[in-house]
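Q: Hi! Could you walk me through the ligand sites in this one?

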Amino acid sequence: MKKVVWTQTWVAALALTVSGSVLAAGDVNAGKARAAVCGACHGMNGEGNPAFPDPMNPGKTKAVPSLAGQNSGYMAKQLQDFKSGARKDVLMTGQALGLSDADIANLAAYYPTVAGKAATSVDADLAAKGKSLYQGGDMARGITACMACHGPDAAGNDLAKWPALSGQLNDYTVAQLNAFRSGARENDPNKMMREVASRLTDDDVAAITVYLQSVSGVAAKAVPAPVAVAAPVAAAPAPAPAVATAPAASGGAADGAALFQASCFACHGPAAPALNAPQSGMKANWEPRLQKTGGLDGLVASSIAGVAGTAMAPRGGSSLSDAEMKAAIGYMLSQSGL
Ligand code: HEC
Ligand code: HEC
Ligand code: HEC
């Protein structure tokens with residue numbers, strides 16, 4: 001649990017949001033020009049290469065990922081991680097070392113504007129098993145639904161820096177899941193992916209990745225406008241007014257239980273203690289947080305902002321309105337006897 005006082009967290013998050021957004025406001029055209037060298041491995045349109053000669057295994061190949069339509073925030077993080085050594089790859093590390101912060105911002109602005117691979121037809125039975133795991137997880141085995149973080153259409157979450165998975169080359173996705181399973185890839189914050197992946201079997205990986213090939217590919221995103229995203233945050237002096245001035249939610253009598261089931265259950269439900277999210281029904285998990293944030297409205301504000309460095313993205317990665325967030329949290333508190 002975070003011991004930081006809420007106001008300090010907010011100020012730090014505010015500073016990060018503002019400076020982060022300015023840096024992230026890359027130039028799409030400059031990125032496109034810089035991407036020419038990336039094309040040698042990632043394809044001239046960022047489509048990836050399923051069979052690139054593997055320098056570590058002569059005579060064998062490895063998949064170079066598609067970058068087309070990937071989220072900007074995630075891409076920038078990966079490039080910084082390759083540069084710092086937090087993520088390692090014999091082909092990619094050297095490439096990232098030559099990139100300036102401006103290059104990274106420009107490349108991360110360009111690739112999301114390129115359309116990704118379209119959906120392909122797959123083995124329906126295997127895909128159905130994968131879909132069930134992707135959307136619902138497996139409570140008994142403690143597997144959190146992939147959808148909770150990667151979104152219902154596997155488009156990821158740009159603000160949270162969580163990757164899009166749809167439109168990716170199958171062999172690459174399999175390789176990354178196995179790398180998280182073995183711990184060879186360890187640049188996921190709070191072991192978010194290693195926790196989930198460690199519970200997957202080879203059969204699960206096969207089913208989920210086949211399912212992912214069947215969901216629609218990543219559409220090209222409009223040229224991003226990160227400054228516009230930062231503006232309302234920068235203008236808000238404190239979380240309370242930010243909530244108060246946000247547009248009124250539709251459906252005032254929001255059904256907290258249904259909202260909780262749809263958007264929060266994967267992490268706040270009883271089956272996902274590994275994520276360290278306060279669990280619905282556990283009074284002891286919620287009481288200190290209520291005190292720390294000063295009550296329900298404080299919890300609403302902190303959940304809208306997200307808890308930096310944890311799996312709690314802004315609004316839990318959902319697109320719920322302020323009033324709907326309040327209803328969902330109210331439901332969790334009532335379930336916890338509060
Ligand atoms: C020599 C081949 C090569 C070149 C050139 C190259 N890459 Fe890569 N890149 C790779 C490989 C291989 C991986 C996958 C690494 C792994 O398996 O973990 C990768 C991974 C990535 C990733 C992570 C993708 C994800 O979904 O996590 C990003 C982002 C990326 N490259 C961007 C770039 C950019 C931008 C350039 C040009 C400046 C570039 N790469 C040039 C080989 C290359
Ligand atoms: C708690 C949130 C969370 C859950 C649940 C989750 N993921 Fe992830 N996943 C992430 C994050 C965060 C990353 C990126 C880590 C980083 O910064 O490098 C990621 C990365 C990945 C990647 C690598 C993508 C790439 O381009 O390299 C794959 C593949 C993946 N996840 C698949 C899955 C699957 C399949 C499931 C369900 C079994 C799942 N994830 C569940 C948060 C999550
Ligand atoms: C991907 C997992 C995930 C999802 C989905 C998620 N949460 Fe969370 N949430 C967390 C984690 C982890 C924490 C604990 C963060 C920390 O360490 O303080 C948390 C904390 C919170 C808190 C306490 C914040 C504080 O300041 O103490 C609230 C309130 C909350 N979540 C509400 C929600 C609501 C409402 C939803 C659904 C709309 C939701 N969450 C969806 C993972 C998630």
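What follows is a short chat about two ligand sites.

A: Happy to! This is a predicted model, where local features need pLDDT of at least 70, side-chain atom pairs count only at pLDDT 80 or more, and totals for chains, interfaces and linings use all residues. Residues are numbered from 1 along each chain as its sequence is written, chains are lettered from A and ligands numbered from 1 in the order in which they are written, and side-chain values use heavy atoms, with hydrogens and water left out.

Q: Which residues coordinate the iron atom of ligand 1?
A: His42 through NE2 and Met92 through SD, at 2.0 to 2.1 Å. Donors here are N, O and S atoms within 2.8 Å of the metal (3.2 Å for Na, K and Ca).

Q: Where do histidine 42 and methionine 92 sit?
A: Histidine 42 is in helix α3 (residues 39-42) and methionine 92 in helix α5 (residues 92-97), so the pair ties together parts 50 residues apart in sequence. Helices are DSSP runs (H or I, at least four residues), numbered from the N terminus.

Q: Is histidine 42 buried or exposed?
A: Histidine 42 is buried, at 9% relative accessible area, and methionine 92 counts as buried at 16%. Buried means under 20% relative accessible area, exposed over 50%, and partly exposed in between (1.4 Å probe, protein chains only).

Q: Switching to ligand 3: how far is the side chain of arginine 289 from an oxygen atom there?
A: An N or O atom of the arginine 289 side chain is 2.7 Å from an oxygen atom of ligand 3. For serine 302, a polar side-chain atom lies 2.6 Å from a ligand 3 oxygen.

Terms used. Helices (H or I, at least four residues) and strands (E, at least two) are DSSP runs, numbered from the N terminus. A polar contact is a pair of N or O atoms within 3.5 Å; within protein, one must be able to donate a hydrogen and the other to accept it, and residues adjacent in sequence count only if both atoms are side-chain atoms.
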